[in-house]
Amino acid sequence: TNRQSASSKISDFFQKAQGLILAVEHQAECQKQLNRLLPTIPRDMGAKIPFAQSVIPVLRALHSKVVMIPMDGTGMLDDLSLLIAVVLNVLLCMWYGGTSTGSLSGDVIHVIEVEFTYILGGLLLVLNVLSWLATIWLTPPDETTGEAHGPSWSNWSTSFRAAQNNPLLSNLLWLWTRTSTTDLFFILMAIAGIISSPLFFCLHLLKVVNKSALLQNVTKSVTVNAPSLLMTGVLMMITVYLFSILGFVLFPEDFVTVNGEPLCSTIFQCFMFSFTHGVRSGGGLGDLLVQRTWGQSKFHLRLCYDFAFFLVVSVCLLNIVFGIIIDTFAQLRDDRNAIEEDTRSRCFICGIDAHRFDRVLEGGFKAHVTNDHDLWN
């Protein structure tokens with residue numbers, strides 16, 4: 001919510017409250033449906049079947065976990081997928097490489113490893129599909145339509161309005177609107193790992209990003225300011241292009257390999273070498289070119305060229321990129337800390353500081369937000 005002032009917090013909260021209530025009601029309805037589908041385990045089952053006494057606690061724990069999926073989301077399925085992905089990549093590190101690229105040939109141990117890898121890959125695909133279906137199932141209906149299921153078709157372009165009279169296309173588009181690109185990506189990578197190459201299973205390790213708020217902030221530090229990073233990258237390309245033209249005109253003979261092969265026969269070749277190698281070089285482009293001695297011609301001009309590339313590209317532009325990423329990460333962290341501090345130290349409804357309630361009210365701030373100004377009452 002917008003926490004600039006007490007009035008903005010309340011108004012923004014009430015604007016979003018209907019969606020929150022709808023989501024909670026939808027989760028409760030999903031949990032009721034799941035309770036009806038999954039039969040409960042009788043308490044006297046262990047007395048009737050003696051050998052089942054050790055299994056019943058495990059079944060009950062699994063039943064409670066499954067029943068809580070509507071409230072907890074797809075966390076359990078994602079945890080299992082990540083665990084299987086780790087095991088799969090450990091197996092790949094053990095047997096994949098050289099002539100062993102997934103064929104069922106060789107000694108018995110190798111065949112078992114390959115078969116076990118593909119079995120785990122199939123299980124990974126099943127878990128990803130279940131996670132996708134659970135996400136669709138747990139997504140609340142669109143409150144703007146007034147319907148129990150499905151999005152509003154009124155905002156679709158005319159090319160999609162024919163789907164209203166086509167049940168198959170309508171259902172496919174409904175699934176598409178509720179399918180996240182992340183779920184679709186992991187399903188496709190699991191299919192590619194089974195059909196094409198098991199190396200695609202390594203991409204499922206990226207699920208660890210969804211399990212950590214810190215890693216999500218790390219990715220946001222790059223994606224939030226993507227336009228700024230993109231424009232800085234364009235400026236860097238233009239700058240390197242100008243330096244490559246100067247190098248092509250003034251000293252193309254210095255752009256050579258160790259074996260004496262030219263690297264600056266054309267402007268494009270000069271630019272590609274300067275951008276791919278010069279930007280990555282710690283000392284700039286000058287460290288990669290033929291060094292000139294004091295008495296050679298154009299020595300001072302080359303000295304200025306090397307220092308200018310190092311100062312403009314390696315020092316200024318690259319550090320601007322790093323600064324944008326670091327500042328964005330720090331801003332995201334400060335915003336999260338400010339929200340947590342505001343939640344702990346100030347009443348959401350009246351905006352009064354917590355220490356004032358601690359001085360004059362019995363029970364203090366906790367009693368106030370529980371009894372007087374309960375956010376969900």
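R292 is buried, with a relative accessible area of 14% (buried means under 20%, exposed over 50% and partly exposed in between, using a 1.4 Å probe and protein chains only). The model here is a predicted one, where local features need pLDDT of at least 70 and side-chain atom pairs count only at pLDDT 80 or more, while totals for chains, interfaces and linings use all residues. Residues are numbered from 1 along each chain as its sequence is written, and side-chain values use heavy atoms, with hydrogens and water left out.

Back to R292, then. Its side chain meets that of E253 in a salt bridge, 2.7 Å from N to O (a salt bridge being a side-chain nitrogen of Lys or Arg within 4 Å of a carboxyl oxygen of Asp or Glu). E253 sits in the loop between α10 and α11 and R292 in the loop between α11 and α12, so this pair links distant parts of the chain, 39 residues apart. Helices here are DSSP runs (H or I, at least four residues), numbered from the N terminus. R292 also forms a salt bridge with D254, with the closest N and O atoms 2.8 Å apart. This second pair ties together parts that are 38 residues apart in sequence, because R292 and D254 lie in those two loops.

Through shared partners, salt bridges join E253, D254, R292, R302 and D306 into one network. The count for the model comes to eight salt bridges.

Now for the nonpolar side. The largest nonpolar core has 21 residues, and M236, V240, F255, L285 and Y305 have the most contacts inside it. Such a core is a set of buried Ala, Val, Leu, Ile, Met, Phe, Trp, Tyr and Cys residues joined through side-chain atoms within 4.5 Å. At least two of its residues come from each of α10 (226–250), α11 (267–278) and α12 (299–345), with α12 giving the largest share, seven residues. Y305 touches several residues, including F243, F255 and L289, leaving out those up to four places away in sequence (contact means heavy atoms within 4.5 Å). Another core, of 12 residues, lies apart from this one and has L91, L120, L124 and F201 among its members.
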